[in-house]
Amino acid sequence: MEIHDALSGRKTIRGFLEQPVPQAVIKEILIDAHWAPSSSNQQPWHFHVVTGAALQGLCEKIEEARRLKQTSYDPSKGKTIPPEYVDRTKKLFRQLRPVISSLDGDNKSFIESGSFRFYGAPVVVFITMHPSLPKSRYMDIGMAAQNLMLSAHGRGLGTCAIALTLYYGDAINACLGIDPDQHETLLSIALGYPDPEFPVNAFRSSREDIDPFITWAGF
Ligand SMILES: Cc1cc2nc3c(=O)[nH]c(=O)nc-3n(C[C@H](O)[C@H](O)[C@H](O)COP(=O)(O)O)c2cc1C
């Protein structure tokens, strides 16, 4: 796959086939993720890969935690962020609405309930790093995550990066035996073969015009 096609062709997948992903394929994807650049080559990532009964059990634990502590996604909650970011979230939800309305539910409940069950993906990868590392290492994790998603895309698999689940980080850690003193869980990524029949998978998010995002100097 041409690199440009890979970059522009990858998109978030929110409906998966039950078809399992062979462990050898997952390993190849993680090797690709591991080729990500990192600050002074520290390779600060750790991948916790969950499938089958372990994933089923995890989803049940997250559901239980949600029943005890409901949370709702609001990008501006508790802090002031520039309005354009809130507007872009609203725009995404607005654009998703017609696709999701065919599912018999509103956007929010689809995104929230879907995220908390990893959209039914057969595999979930949690990416963690040691909590003592500085925030700048988050960049390394992001690069590994992007490598992972592009590698999956190149192999005909789909992904959805899911941060919403981290609201229930304690439940996730307890269920997967992740020691929070050693691992800060930063992102979960749902992984599996895209369901071609699932209407939401036809959705393509938009991008703003690039020009206001660039400041040129010396041209
Ligand atoms: C760090 C990160 C966290 C995300 N968290 C969620 C999530 O919790 N639930 C979800 O449905 N999508 C989530 N997404 C997917 C974004 O909504 C998606 O990437 C964005 O709308 C752009 O669409 P695209 O990936 O199809 O280009 C997340 C993406 C990133 C990069």
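**Burial, strand pairing and ligand shell in a predicted model**

Of the 219 residues of the protein, 26% are classed as buried; a residue is buried if 20 or more other C-beta atoms lie within 10 Å of its own, exposed if 12 or fewer, and partly exposed in between, with C-beta atoms placed from the backbone. The model is a predicted one, in which local features need pLDDT of at least 70 and side-chain atom pairs count only at pLDDT 80 or more, while totals for chains, interfaces and linings use all residues. Residues are numbered from 1 along each chain as its sequence is written.

Seven helices and four strands make up the secondary structure; these are DSSP runs (helices H or I, at least four residues; strands E, at least two), numbered from the N terminus. Their order along the sequence is α-α-β-α-α-α-β-α-β-α-β. The radius of gyration is 18 Å, close to the 17 Å that the globule rule gives for 219 residues, so the protein is as compact as a globular protein of that length. The radius is taken over C-alpha atoms, and the rule is 2.2 Å times the number of residues to the power 0.38. The C-alpha trace spans about 55 × 50 × 40 Å along its principal axes. Among contacts with a separation of 6 or more, 83% link residues 24 or more positions apart, where a contact requires C-beta atoms, placed from the backbone, to lie within 7 Å.

Strand β4 (residues 184-192) pairs with β3 in the antiparallel sense through five bridges and with β2, also antiparallel, over seven bridges; strands pair if DSSP finds at least two bridges between them. Within β4, Ser188 is the bridge partner of Ile162, Ile189 is the partner of Val125, and Gly192 stands opposite Gly158. Eight of the nine residues of β4 are buried, so this strand is largely enclosed by the rest of the structure.

The largest nonpolar core contains 38 residues, and Val124, Leu148, Ile189, Ala190 and Leu191 have the most contacts inside it. Such a core is a set of buried Ala, Val, Leu, Ile, Met, Phe, Trp, Tyr and Cys residues joined through C-beta atoms within 7 Å. Two or more residues of this core come from each of α2 (23-34), α3 (52-68), β2 (123-129), α6 (138-154), β3, α7 (169-176) and β4. The largest share, seven residues, is that of α6. Apart from neighbours within four places in sequence, Ile189 is in contact with Val124, Val125, Ala145, Leu148, Met149, Thr159, Ala161 and Ile162.

Gly169 lies in helix α7. Gly169 counts as partly exposed because it has 17 C-beta neighbours inside 10 Å. Its C-alpha atom is separated by 25 Å from that of Gln23, 146 residues apart along the chain.

The ligand is surrounded by Lys11, Thr12, Leu92, Ile111, Ser115, Cys160, Ala161, Ile162, Ala163, Leu164, Leu187 and Ser205, a residue being near if its C-beta atom, placed from the backbone, lies within 6 Å of the molecule. At least two residues of this shell are supplied by each of α5 (107-116) and β3 (158-162). β3 gives the most, with three residues. By class, the shell has eight nonpolar, three polar and one charged residues; Ala, Val, Leu, Ile, Met, Phe, Trp, Tyr, Cys and Pro count as nonpolar, Asp, Glu, Lys and Arg as charged, and the others, Gly among them, as polar.

Definitions and conventions: Two residues are in contact if their C-beta atoms, placed from the backbone, lie within 7 Å.
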